[in-house]
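Please look through the sequence and the three-dimensional model shown here before reading on.

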Amino acid sequence: MLVDYDEHAPPVFVEGLVVKYGSFVAVDGVSFTVKPGEIYGLLGPNGAGKTSTLKVLTGLLKPASGRVEIFGRPLSDEVAVKSMMGYVPEEVILMDSLTPREFLEFVASIRRLKADMVHPRLEKLFSAFQLREYFDTPIAALSKGNKQKVAVVAALLHEPQLLILDEPLMGLDAFSSKILKELLTFHVSKGGAVIFSTHIMEVAERLCMRVGIINRGRMVGEGTVDGLRKLVKSAEGSLEEIFLKVTEQEAGVQEIVKALEA
Amino acid sequence: MNVSELWWLSKKVYREIVFQSFFSLRVGGTLPQAGDAEKNIVQLVRSAEWNFMLNKVIFAIFIGVFGGFTFFSGVLLEMDRELAAACGVSSMLSIVLFMMVFMGLQVATSFVSSRVSEFLTPLPVSSKDVSKILLMCFIRIFDVPLVAAILIIPMAYGISYGSIPGALTVLLSVVITEVFALAIAVFLSFSFYSKVVKGGGRSSLKTLLRLFYMLVWIIPMFLMYAVTSFAMQMVSLMKTLTQSLSYLLTLLYPFSMGFLASLATFFKTYDPRIAALSVGSSLLYLALAAYSFKWLVKRVVGIGFGSVAAGSRVEVKEISINPGPPWLGVLKKDLRIASRSPSYFSILAMPVIQIIIFSFTSFHPDAGGASAEFLPPMFLPLFMISLLMVLILPPALLNTESIAYSYVGSLPLGRRTLILAKTILSLTVYLASLLVLLVITMLRAPGFVSVFALFGGVFTFSVVASIIFEIVLLSRTFGQTIPSGNLYLKFYYYILPWILGYIVAMIPILVYYMALLLTASFVLGMVGLVATSILEFLIAVLLLLRKK
């Protein structure tokens, strides 16, 4: 489905986002922007609020407060906003009783895709991710990695302007990870945008143009890797070191290792 | 490990299976999103456990009530005491068999698919102990109905006939029946999981095979339903059969067991040939039960260790799909899920099957002095019951949206499209049941066909309105998300919209009968029916158009 959108508006605009689960505040006033042609990495320790933030962007969670816009459109414009994005959830649970063929047919129908437009793309993606022999195998019978690949194909099927990926490389083999990384780079080179969360610092360092570090629901650092180095006053530190410094976990690591060894 | 430790461990595995039987397809749904996540999930686990226990108790009560009814109705019929005992025990055993298979099918698939041993095998527990834990867990799943049948039936027999050997024989028969029921349930679940859920391919043969397994799956359920509807007729039929075909019946299960119990009670007066045949055949069934038990233990342990076949790989020539409009996409997805999920399939098939069963048990077109101008009195209850079943469909179909919600929720699916798809599918089932009713009417009361067709046709508008009202109400109740958990667990969410939907559907019928009573004119009654149905339909369409 083609949706009119403001090309000058940022693909993702988040201001003062708050997400609550009952009395627990999972995301506490997070603000950031993803620009066109950019891969933005959302980093943070487990339970920091990354997935909650991404779920708000996809319409899966309602925020308690804050302003969120996708290409200048508010999230209340649900169908139009969701038409412009492709999403891979952290925990890939698809419809187990369907086959990838049936599942993708469902997704393509909801997205109003035409068969002649979707076939060449589907053919290429299935071949690239080495999924051809599983096209008619029930999803329940696929390995975790292959389920992840089906979810990635479903997210890329309609060539969305914005890709929202929650730990997309988890479970993928080296070959498929490489393919996906190349696809993401190609996607942004054409003006698309990507926001993804990851725990793999090397990937974030190599792939992301900018990163945002969330800790306990708050944005504790944002910028390019070089910019973050300046922020933590370290000239050569890796993103992992920067991450540990920013999230105040660096000292803790040594203490915990010593305690474990003792 | 000693038995008490193993029994304690088996409770942990059992709780996991119970949780999975309610939530297996819905992980990644709305579980952690509403309220305080941790509390919410603890509540869900408890609620699943309570619901499961309630199900077991209900099954035990069903066995007692329906079984008892069949059992004592044999005594009430004017029959020799020998035959009454044989008939009563045989009917009772068939009810226990159907009930246990039905319950087993609902739960055993969760056991088959849960990979329960995955978290047990890495622990320092021997394989032998893991097997024991799995077996104990399997017993826990069925404990209440198993124990209820073992205690209640022999006791009821002992009290009715005052015979301890007879009661002990009934006890043995119940145990044999329970073994058969569990073996059948596990066999069907295993086949269902490996052939339907995990089997791949897209050929017509595969589709036929899937349909066959689905029918095999739901047949016991409807047989049980028929047994409860036909209980009285069944006993009468068996009275005739047992008198004329005694020799042949003594060879067949469960009659052989019935005759054996009767023989143990009245052994002095028994025909020696029937006695010999029933003892011989019962011994054979005992041997078969012993073999089934051995197979059952092996299979349960095997399933626990993940011996279910992996999915097949099929090289496809062309990677192609056939997308359609969004409402059709949702409808096809629902049908595909239903074709692989016995619980959804049975809900879809229920209105039609209900009509068939009720038309033979309760529909007497010639009763009550009905004429072709007026609807026969029995038509209305039949119609109302069928409608109750049809109106369960919208909540059930809406509930499928919670499957894989963590992904599906991100798709650009508008509310209007969703309501439209669910309405079309529910309406199709209503029209199918109406068609079946018309065919039955054509066969049993041809004079009423035109009235039924007119009534059912006009009433379609009201049915559409009720379905839309129901879904709109449900989507308001849920807000943005669909509740997690299956239909049965979250029934309290659905009950109010279901009742309101039913009231909406009943209004035109009420108007029809009021007009008929006040004016004694069929034409005016129909005018009232048409006017109210169309008015409801228009309001519902307006409601639908207001949705995005």
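## Two loop residues of chain A

A:Gln130 counts as partly exposed because 14 C-beta neighbours lie inside 10 Å; here a residue is buried if 20 or more other C-beta atoms lie within 10 Å of its own, exposed if 12 or fewer, and partly exposed in between, with the C-beta atoms placed from the backbone. The residue lies in the loop between helix H4 (115-128) and H5 of chain A, and its phi is near 55°, a positive value in a residue other than glycine. Helices (H or I, at least four residues) and strands (E, at least two) are DSSP runs, numbered from the N terminus.

A:Glu159 is found in the loop between H5 and strand E7 (162-166) of chain A, where its phi, near 45°, is likewise a positive value in a residue other than glycine. With 13 C-beta neighbours inside 10 Å, A:Glu159 therefore counts as partly exposed.

## Basis of the model

This is a predicted model, in which local features need pLDDT of at least 70 and side-chain atom pairs count only at pLDDT 80 or more, whereas totals for chains, interfaces and linings use all residues. Residues are numbered from 1 along each chain as its sequence is written, while chains are lettered from A and ligands numbered from 1 in the order in which they are written.

## Chain A as a whole

Chain A has ten helices and ten strands, and its C-alpha trace spans about 55 × 45 × 40 Å along the principal axes. For 262 residues, a compact globule would have a radius of gyration near 18 Å, and the 19 Å of chain A agrees with this; the radius is taken over C-alpha atoms, and the globule rule is 2.2 Å times the number of residues to the power 0.38.

Of the 262 residues of chain A, 50% count as buried. Among contacts in chain A with a separation of 6 or more, 71% are accounted for by residues 24 or more positions apart, two residues being in contact if their C-beta atoms, placed from the backbone, lie within 7 Å.

## Helices H3 and H5 of chain A

Helix H3 (residues 100-110) of chain A packs against helix H5 (residues 144-156) of chain A at an angle of about 25°, with their axes 10 Å apart. Axes are lines fitted to C-alpha atoms, for helices over the stretch in contact, and angles run from 0 to 180 degrees between N-to-C directions. H3(A) and H5(A) are therefore roughly parallel to each other, since angles under 35 degrees count as roughly parallel, over 145 as roughly antiparallel, 65 to 115 as roughly perpendicular and the rest as oblique.

The crossing of these two helices, H3(A) and H5(A), is right-handed; a crossing is left-handed if the near helix is turned anticlockwise from the far one by less than a right angle, and right-handed if clockwise. On the H3(A) side A:Pro100, A:Phe103, A:Leu104 and A:Val107 take part, meeting A:Val150, A:Val153 and A:Ala154 in H5(A). By class, this contact of H3(A) with H5(A) has seven nonpolar, no polar and no charged residues, where Ala, Val, Leu, Ile, Met, Phe, Trp, Tyr, Cys and Pro count as nonpolar, Asp, Glu, Lys and Arg as charged, and the others, Gly among them, as polar.

The secondary structure of chain B comes to 19 helices and zero strands, and buried residues make up 48% of its 548 residues. Among contacts in chain B between residues at least 6 apart in sequence, 81% join residues at least 24 apart.

Helix H11 (residues 326-338) of chain B and helix H16 (residues 415-444) of chain B pack at an angle of about 50°, their axes lying 8 Å apart. That makes H11(B) oblique to H16(B), and H11(B) passes H16(B) in a right-handed crossing. B:Pro326, B:Trp327, B:Val330, B:Leu331 and B:Asp334 in H11(B) meet several residues of H16(B), including B:Thr417, B:Leu418 and B:Ile424. The residues of this contact of H11(B) with H16(B) divide into nine nonpolar, one polar and one charged.

## Local features of chain B

The peptide bond from B:Tyr253 to B:Pro254 is cis, with omega near 5°, and B:Pro254 lies in the loop between helix H8 (246-249) and helix H9 (255-265) of chain B. Eleven of the eleven residues of H9(B) are buried, so this helix is largely enclosed by the rest of the structure.

B:Gly158, in helix H4 (residues 127-161) of chain B, touches B:Ser163, B:Ile164, B:Gly166 and B:Ala167, not counting residues up to four places away in sequence.
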